[in-house]
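Please read the following account alongside the sequence and the three-dimensional structure.

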Amino acid sequence: MFTRFVRRISRLHKIFGMVIGLQLLFWVVSGFYFTLYPIETIRGDHLREQIDHGILRPEDVEVSVQDAMNASDIWVFEAELSMFLGEPVWKLSNSHEVKLVSARTGDLISPIPEETALEIARAGVPGLASFEGEMRLIEENAPREYGGRLPVWAFETADSHERAYIDVNTGDIRAVRTTEWRIFDVLWRFHIMDITGDDRIDTWWMKLAAFLAFAMVITGIIILVQRLIRGKLFS
């Protein structure tokens with residue numbers, strides 16, 4: 001009777017293997033790739049450098065926060081003094097947008113021009129900007145790999161098409177997308193069975209795949225125990 005039970009378990013094990021086997025292969029291959037690089041390398045942190053914007057001196061601030069708010073032409077919820085490429089600036093923001101206003105002249109700095117964006121790329125992402133490439137402004141239909149606020153400046157290398165995304169209003173480097181990141185992204189989609197592109201891991205098909213994989217393991221353990229008992233582990 002036990003032998004008959006094990007035979008049924010063996011059939012179930014084979015069925016589970018045929019149904020979930022390919023996804024198990026994706027899980028193993030993608031998981032192996034995830035271990036090859038530190039997450040900092042995937043994010044391109046090794047290509048970045050801290051930008052030295054200079055030291056803020058009180059005597060350089062000649063524009064009041066009220067005048068800066070008037071120049072920004074936005075509703076301001078927060079105002080902060082900082083440095084931007086050697087220039088003292090008022091960083092003015094609300095829940096939707098951020099503007100930079102020169103604290104020396106009162107001129108509106110945002111949006112930054114292409115030359116400034118290129119200067120930021122050379123200083124902040126020298127690992128990319130040292131290669132030949134081009135800077136372009138993306139105002140709509142941004143690549144999925146970015147997923148941030150638009151518009152945005154994108155510096156793209158000519159050979160590998162790796163990109164650095166620079167905020168058009170603040171000059172912050174929003175993201176660095178390398179070849180390693182793109183491979184990671186594709187494998188991550190397979191890993192979580194991302195069909196919709198929403199990066200969700202709680203879908204019903206993901207739960208079903210996890211259950212079938214679990215069932216395959218349990219039936220495999222039962223078969224293993226039965227063979228150990230019969231002394232036929234390698235037969």
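Of the 235 residues in the chain, 37% are buried, where buried denotes a relative accessible area under 20%, exposed one over 50%, and partly exposed the range in between (1.4 Å probe, protein chains only). The model is a predicted one, in which local features need pLDDT of at least 70 and side-chain atom pairs count only at pLDDT 80 or more, while totals for chains, interfaces and linings use all residues. Residues are numbered from 1 along each chain as its sequence is written, and side-chain values use heavy atoms, with hydrogens and water left out.

The overall dimensions come next. The chain has a radius of gyration of 27 Å, whereas a compact globule of 235 residues would have one near 18 Å; the radius is taken over C-alpha atoms, and the globule rule is 2.2 Å times the number of residues to the power 0.38. Along the principal axes, the C-alpha atoms fill a box of roughly 90 × 40 × 30 Å. Among contacts (heavy atoms within 4.5 Å) between residues at least 6 apart in sequence, 53% join residues at least 24 apart.

The chain contains seven helices and seven strands, these being DSSP runs numbered from the N terminus (helices H or I, at least four residues; strands E, at least two). Read from the N terminus on, their order is α-α-α-β-β-β-α-α-β-β-β-β-α-α.

Which residues of the largest nonpolar core touch the most other members? Among its 21 residues, these are Phe84, Ile112, Ile120, Val125, Met135, Trp153 and Ile166. Such a core is a set of buried Ala, Val, Leu, Ile, Met, Phe, Trp, Tyr and Cys residues joined through side-chain atoms within 4.5 Å. Two or more residues each are given to this core by helix H4 (114-124), helix H5 (126-129), strand E5 (152-157), strand E6 (163-167) and strand E7 (173-177). H4 supplies the largest share, three residues. A second, separate core has nine residues, including Ile20, Met206, Ala209 and Leu212.

Apart from neighbours within four places in sequence, Ile112 is in contact with Phe84, Ala117, Ile120, Trp153, Ile166, Asp167, Val168 and Gly171. Helix H4 also holds Glu115, which is exposed because its relative accessible area is 60%.

Ile42, in helix H2 (residues 39-42), counts as buried because its relative accessibility is 2%. The C-alpha atoms of Ile42 and Val176 are separated by 9.1 Å, although the two residues are 134 residues apart along the chain. Beyond its neighbours within four places in sequence, Ile42 is in contact with Tyr33, Tyr37, Thr178, Glu180, Trp181 and Phe184. With the same exclusion of sequence neighbours, the contacts of Thr178 are Thr41, Ile42, Gly44, Leu47 and Glu162.

The largest pocket has a volume of about 360 Å³. A pocket is an open set of points on a 1 Å grid over the protein atoms alone, where a 1.4 Å probe fits, with protein on both sides within 12 Å along at least five of seven lines; lining residues have an atom within 4 Å of a point. There are 17 lining residues, of which Gln50, Ile51, His53, Gly171 and Asp172 lie nearest the centre. Strand E1 (78-84) and strand E2 (87-93) are the elements that give two or more residues to this lining, and E1 gives the most, with four.

Notes. Grid points are joined across faces, edges and corners, and a volume is the space filled by probe spheres set on the points.
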